[in-house]
Amino acid sequence: MTPGGVLLEARHVTQRFRLPNGQVLEALRDVSLAVREHEVVALVGPSGCGKSTLLRLLAGLTRPADGQLLYRGQPLDGVLGAAAMVFQSFALLPWLTVAENVAMGLETRGVNGAARRDAVARAINLVGLDGFEQAYPKELSGGMKQRVGFARALAVAPEILLMDEPFGALDPLTAENLRSQAVSLWRDPATGVNTMVIVTHSVEEAVFLAGRIVVFGSNPGHVREELINQLPYPRKERSPQFEEMVDRLHAILTATLLPEAEPAPAAAPQRLPPFARVHVAEVTGLLDHLLTRPDGKGPVFELSEDLGVDYDRMSAVVRGAEQLGWVTTPGEIVQLTPAGREIMAMDDAARKDATRARLSRHPLFARILGMLKEGEGSVEDEEVLADLTIYFPFIPADSLFQTIIEWGRYAELLDHDADAARLTLLTS
Ligand code: ADP
């Protein structure tokens, strides 16, 4: 689809918030963005650069401190009826059924009776939730909950879908699946959705979905760069053209984290996989539980139920165990590997040794160990945090740092001196 006329526009928008301590925070400064009909626009950039704030302004949920929001050339007056929002947190009411949750938006728009029932049935059908109308959110997986989130948005037959990290809380497989469905919904004239704006933390997701990717910078939030993405839909995630676009966007994002006056570095750092932010005990708990199951395997839904852990958390723990080579994940199944079995059979000291060997091979730990060696066995927290921010613009560096310390200490690879604010190397 070729973009049409301007549908939704922010003109020189500035937004400020008063913080509890009385200070005023400028979240956006002089942001102008025109979204055209039939476009998919992705908003990306470091955490806190005002992407969600802009999305809420575009939805008419809040008003700017300065500047204008326009829909088809007319100033926005209150909540924009032509748009519907999908949130990362699903935002479902637990005491309402799927059908009742889907009907929420219609209710507030005064659609009642048969029209409401029809719209709910149509939306539930569009997202493939038939048969679950009377279920309650707690009976649904994360992916299904987000389908309800989409159905609720689609029920009002919006022209524009505004999405705030809609796939952020889902495991990678479910996210991939729902992402493809979002593209289908947008391409299918029957849904009525012709334009989408999505806030995302994922470079791949932006490249998969968007025709235009708007990169924000922070302090205060502003538009830094735009990338046009003309790959034909439906997009293939592992094609060379796709990878090339991902690399280009990654290079732009890396550059946005460096001071604006400086030119982009000649060679942008290569992409590193982050280490899952989970505790050692959570991973060993998972392996312990898998040992009790036939063939050492089980579907991730069941594991999360058995262990009383929420599905999203369970997915993160599984990812952590997978990064260490202790489980594999064919589809929704989590399978203990021979290495996972071995480690559980070891005594504590041997387990630490084996973990140390695995961690040292993980690219992120390998990089930090490299920094420690270069620094003759010690490096300032600040240096590591700056490094993490550049490599993982979308992950809170502090939290990743804490995970690194926990695992590093457990495996007796490194230690942390909080007083000196330095990491130190334990092994050579
Ligand atoms: P992003 O979506 O890019 O992560 P946000 O738009 O959520 O960023 O936030 C931008 C900045 O504005 C952040 O510093 C955030 O803490 C602040 N902020 C957002 N909403 C509010 C609010 N209602 N009150 C105070 N500060 C807010």
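The lining of the largest cavity has, by class, seven nonpolar, two polar and one charged residues. This is a predicted model, in which local features need pLDDT of at least 70 and side-chain atom pairs count only at pLDDT 80 or more, while totals for chains, interfaces and linings use all residues. Residues are numbered from 1 along each chain as its sequence is written.

A cavity is, on a 1 Å grid over the protein atoms alone, a set of points where a 1.4 Å probe fits but cannot get out, and lining residues have an atom within 4 Å of a point. The structure holds one cavity of 30 Å³ or more, and about 40 Å³ of space lies in the largest cavity. Its lining includes W326, R351 and Y410. Helix α8 gives the largest share of this lining, three residues, and α8, α11, α12 and α15 are the elements that give two or more residues to it.

Helices (H or I, at least four residues) and strands (E, at least two) are DSSP runs, numbered from the N terminus. Three strands form an open, antiparallel sheet in the order β14-β16-β15, where strands pair if DSSP finds at least two bridges between them. Between β14 and β16 there are three bridges, and V379 stands opposite L423 in β16.

| Strand | Residues |
|---|---|
| β14 | 378–380 |
| β15 | 414–417 |
| β16 | 422–425 |

Helix α13 packs on the sheet, touching β14, β15 and β16, with contact meaning heavy atoms within 4.5 Å. Helix α15, which also contributes to the cavity lining, lies across β15 and β16.

Definitions and conventions. Heavy atoms only, no water. Axes fitted to C-alpha atoms, helices over the stretch in contact; angles between N-to-C directions. 1 Å grid on protein atoms, 1.4 Å probe; cavity = no way out; pocket = protein on both sides within 12 Å on 5 of 7 lines; lining within 4 Å. Points joined across faces, edges and corners; volume = space filled by probe spheres on them. Nonpolar A, V, L, I, M, F, W, Y, C, P; charged D, E, K, R; others polar.
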